[in-house]
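Here is a short briefing on one helix and one metal site. Look over the structure first, then read on.

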Amino acid sequence: MVYGIFSDIHGNLEALEALTKALTDEKLDRLLCVGDIVGYGANPLECIDMISDLKPAVVCGNHDAACCGLINTRCFNDRARSAVIWTKKRIRTQDVELLQGLKHVFKNGDITMAHGTLHEPESFNYMINETSARATFDLMDTKVCFVGHSHVPGIFSERPEEAPSYFYKKKFKLTKEERAIINVGSVGQPRDGDPRSCYCIYDSDARSVEFKRMTYDVQKAQKNIINAGLPSYLAFRLGKGV
Ligand code: ZN
């Protein structure tokens with residue numbers, strides 16, 4: 001089974017359009033979306049519609065949950081909070097229902113997916129170090145778990161008798177016994193210093209993982225954010241990938 005996995009679109013229509021185009025060139029059996037369709041960007045409605053057309057399996061992100069009223073924005077910084085307020089004013093009743101209906105954890109065959117950690121997935125904790133990775137490995141009954149949330153692509157790997165280790169490699173192959181938590185990076189707001197959109201291809205038979213990057217019309221996305229009256233930093237950061 002070949003999966004195309006992507007996360008953290010954040011209402012960035014230009015990035016999502018580029019992703020959709022890139023995905024049509026891949027030979028994929030299934031699409032997975034690791035959450036945060038909305039929040040930050042200027043086109044939440046268009047992104048929800050495009051995701052509905054793509055029909056991936058989707059889990060709920062913290063911005064999705066905040067924008068449909070499932071969680072409050074106490075843990076959000078000021079810019080994220082104003083983007084949630086802006087998005088809430090615009091999304092339609094059907095969008096609220098769709099976001100409220102998203103599950104926190106998805107499992108299929110050999111893979112699991114959650115926006116943050118598997119430990120209290122509805123709390124959206126960050127997978128930040130070996131300790132948080134260990135807690136998720138302990139809860140995993142699959143070989144691979146896809147996560148998002150940090151907008152930084154990378155892999156926590158666990159081999160028998162070894163502590164989890166963290167690394168990034170564009171392309172790699174898991175050994176037979178190896179388990180992995182794979183952060184697929186972000187489509188609409190990358191934060192690893194590379195402003196290009198990120199997605200991931202996983203072949204469960206070959207056990208191969210590949211991160212892919214693609215350029216999109218960043219300037220148009222920035223202009224949309226400014227014109228929408230969203231915080232200007234949200235436009236600035238797209239150009240830097242921070
Ligand atoms: Zn996010």
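**Helix H4 and the zinc site**

In this predicted model, helix H4 buries Ala80, Ala83, Val84, Trp86 and Thr87. Seen down the axis of H4, these buried residues fall within an arc of 165°, so they line one face of the helix.

**Helix H4**

- H4 covers residues 78-90, 13 residues in total. From first C-alpha to last, H4 reaches 19 Å, close to the expected 18 Å.
- Asp78 and Lys89 are exposed, on the face of H4 turned away from its buried side.
- Asn77 caps the N-terminal end of H4. A side-chain oxygen of Asn77 lies 3.2 Å from the backbone nitrogen of Arg79.

**Zinc site**

- The zinc ion has these protein donors: Asp8 (OD), His10 (NE2), Asp36 (OD) and His151 (NE2).
- The angles among the 4 donor atoms run from 86 to 175°, and the site is irregular.
- Along the chain, the donors follow the spacing D-x1-H-x25-D-x114-H.
- Asp8 lies in the loop between strand S1 (2-6) and helix H1 (13-24), and Asp36 in the loop between strand S2 (30-33) and H2, so the pair ties together parts that are 28 residues apart in sequence.
- Asp8 and Asp36 are both buried.

Key. Residues numbered from 1 in each chain as written. Predicted model: local features only at pLDDT ≥ 70, side-chain atom pairs only at ≥ 80, totals over all residues. Heavy atoms only, no water. Helix = DSSP H or I, 4+ residues; strand = E, 2+ residues; numbered from the N terminus. Expected span 1.5 Å × (residues − 1). Buried < 20%, exposed > 50% of the residue type's maximum accessible area, 1.4 Å probe, protein only. Arc of directions from axis to C-beta. Polar contact = N/O pair within 3.5 Å; in protein donor to acceptor, adjacent residues only side chain to side chain. Donors = N, O, S within 2.8 Å, 3.2 Å for Na, K, Ca; no water. Tetrahedral: all angles 85-135°; square planar, octahedral: opposite > 155°, others 65-115°.
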